[in-house]
Amino acid sequence: MFILGDTAYGSCCVDVLGAEQAGAQALVHFGPACLSPPARPLPVAFVLGQRSVHLELCAKAFEAQNPDPKAPVVLLSEPACAHALEALATLLRPRYLDLLVSSPALPLPVGSCSPEPEPLERFGRRFPLAPGRCLEEYGAFYVGGSEASTDLDLDPDLSRLLLGWAPGQPFFTCCPDTGQTQDEGVRAGRLRARRHYLVERARDARVVGLLAGTLGVARHREALSHLRNLAQAAGKRSYVLALGRPTPPKLANFPEMDVFVLLACPLGALAPQPSGGFFRPVLAPCELEAACNPAWPPSGLAPYLTHYADLLPGSPFHVPLPPPDSELWDTPDVSLITGELRPPPVWKPSNDPGCLALTLRPQLELAESSPAASFLSSRSWQGLQPRLGQTPVTGAVSGRRGIAIAYEDEGGS
């Protein structure tokens, strides 16, 4: 038995890499989980925890926020409160006729048959919808969180629900300890406005840094190739960076990047970030898709997809890139940040040999057109200057002795 207490990326993902290094044949995951499918088949048991829930207070809060007994409402919760949803629904069903109970999308045991009809899986949860019904018809009542939560420390699981839920449906959160409820419509609007701003920043960007935020979630290589093709089709240069968990000091080493895109699990891509900590915005893959794919539906009509697998071929939400001769690439586009007209991108397929990006100078010199080199030439300080042959030759002299905190010639102080 091995205890894996540190992960290279998010702690919500199954640490299949650490399990492989230990030679483990099975894994037990404790704590919050994004429930993303692992990149390698491995038996996993999840222990999400059980937080105490005051059922009577939550039932009264539900009745106060949903006076119409015929309104369709789905019960949601944080993973640690999922054990109490069926008991809460038992108290509410004598009055409410259209009540749906969600459950965590835990992997089914090996050899078991999937239920019929197969429930809808979204947001890391299963929704047993009746035939002919869709999730966009339901309001939401979320059990979890605390009364002191703010936008800065908002749980990424709740952020995923607020961004992906239908904007026209009510969304309430309830504290499981006190029964205090809060209408999350205003906070969801702020989150969507922030994401719309990030899409505009991505459209203005010329150099995109793709951050590899996971190596243990399925289809991460395919998603990375998809994002590179997106950036290339939109006329942007992209660089793949493998830095582990992104922090402001790490990303500050790449000032030539205009934006960063974090390729991670749904919770890792929406993890809380310190206000003003990153000198460049960090986007989710869905925002780069909306910025670079002209066939993507406009804002307000397109769903917000928190998992990068929903953007790939085979998903019902996948939108392929238009062909090079499509008029969508020539549609005039004005930046909402700078007010300038964006030039149409030069569409290039991913296998185009013209990606060498060589430009001809007036002196008939060939030089590689690199965003990093262009950025370096525009800086006032470009590093140490060798000045070969321009400095006098002197003999070697004795330097200081000791360590930086106390050299020998500095005295006792």
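Tutor: The axes of helix H4 (residues 156–164) and helix H5 (residues 185–204) come within 9 Å and cross at roughly 85°. Axes here are lines fitted to C-alpha atoms, for helices over the stretch in contact, with angles running from 0 to 180 degrees between N-to-C directions. H4 is therefore roughly perpendicular to H5. On that scale, angles under 35 degrees count as roughly parallel, over 145 as roughly antiparallel, 65 to 115 as roughly perpendicular and the rest as oblique.

Student: What is the model, and how are residues numbered?
Tutor: The model is predicted, so local features need pLDDT of at least 70 and side-chain atom pairs count only at pLDDT 80 or more, while totals for chains, interfaces and linings use all residues. Residues are numbered from 1 along each chain as its sequence is written, and side-chain values use heavy atoms, with hydrogens and water left out.

Student: Back to H4 and H5. Which residues meet there?
Tutor: From H4, Ser159, Leu162 and Leu163 meet Arg187, Ala188, Leu191, Arg192 and Arg195 of H5. Contact means heavy atoms within 4.5 Å.

Student: How many helices and strands are there?
Tutor: The protein has 10 helices and 20 strands. Both are DSSP runs numbered from the N terminus: helices are H or I with at least four residues, strands are E with at least two.

Student: And how much of the protein is buried?
Tutor: Of its 413 residues, 38% count as buried. Buried means under 20% relative accessible area, exposed over 50%, and partly exposed in between (1.4 Å probe, protein chains only).

Student: Switching to charges. How many salt bridges does a search find?
Tutor: The whole structure gives 19 salt bridges. The criterion is a side-chain nitrogen of Lys or Arg within 4 Å of a carboxyl oxygen of Asp or Glu.

Student: What does arginine 51 pair with?
Tutor: Arginine 51 forms a salt bridge with glutamate 78, at 3.0 Å from N to O. Arginine 51 lies in the loop between strand E2 (44–47) and helix H2 (55–65), and glutamate 78 in the loop between strand E3 (73–77) and helix H3 (85–92), so the pair ties together parts that are 27 residues apart in sequence.

Student: Are those two buried or exposed?
Tutor: Arginine 51 counts as partly exposed at 23% relative accessibility, whereas glutamate 78 counts as buried at 15%.

Student: What about arginine 93?
Tutor: Its side chain meets that of glutamate 86 in a salt bridge, 3.9 Å from N to O. Arginine 93 is partly exposed, with a relative accessible area of 38%. Glutamate 86 is also partly exposed, at 47% relative accessibility.

Student: And which partner does arginine 400 have?
Tutor: Aspartate 409, with the closest N and O atoms 3.6 Å apart. Arginine 400 and aspartate 409 are both exposed. Elsewhere, salt bridges that share partners join Glu200, Arg203, Asp204, Asp333 and Arg342 into one network.

Student: New topic: which residues form a nonpolar patch on the surface?
Tutor: Val28, Phe30 and Val47, with about 290 Å² of accessible area together. Patches are made of residues with over 30% relative accessible area and no salt bridge; like charges are joined within 9 Å, nonpolar side chains (Val, Leu, Ile, Met, Phe, Trp, Tyr) within 5 Å. The areas come from the Shrake-Rupley method with a 1.4 Å probe, and for residues only the protein chains shown count as cover.

Student: Where is phenylalanine 30?
Tutor: Phenylalanine 30 is in strand E1 (residues 27–30). It counts as exposed, at 62% relative accessibility.

Student: And what does alanine 45 touch?
Tutor: Alanine 45, found in strand E2, is in contact with Leu27, Val28 and His29, leaving aside its neighbours within four places in sequence. Alanine 45 counts as partly exposed at 37% relative accessibility.

Student: Last one: what is the phi of leucine 35?
Tutor: Near 60°, a positive value in a residue other than glycine. Most residues other than glycine have a negative phi. Leucine 35 is in the loop between E1 and E2 and counts as buried at 18% relative accessibility. Arginine 219 also has a positive phi, near 65°, and lies in the loop between strand E11 (207–212) and helix H6 (220–233).
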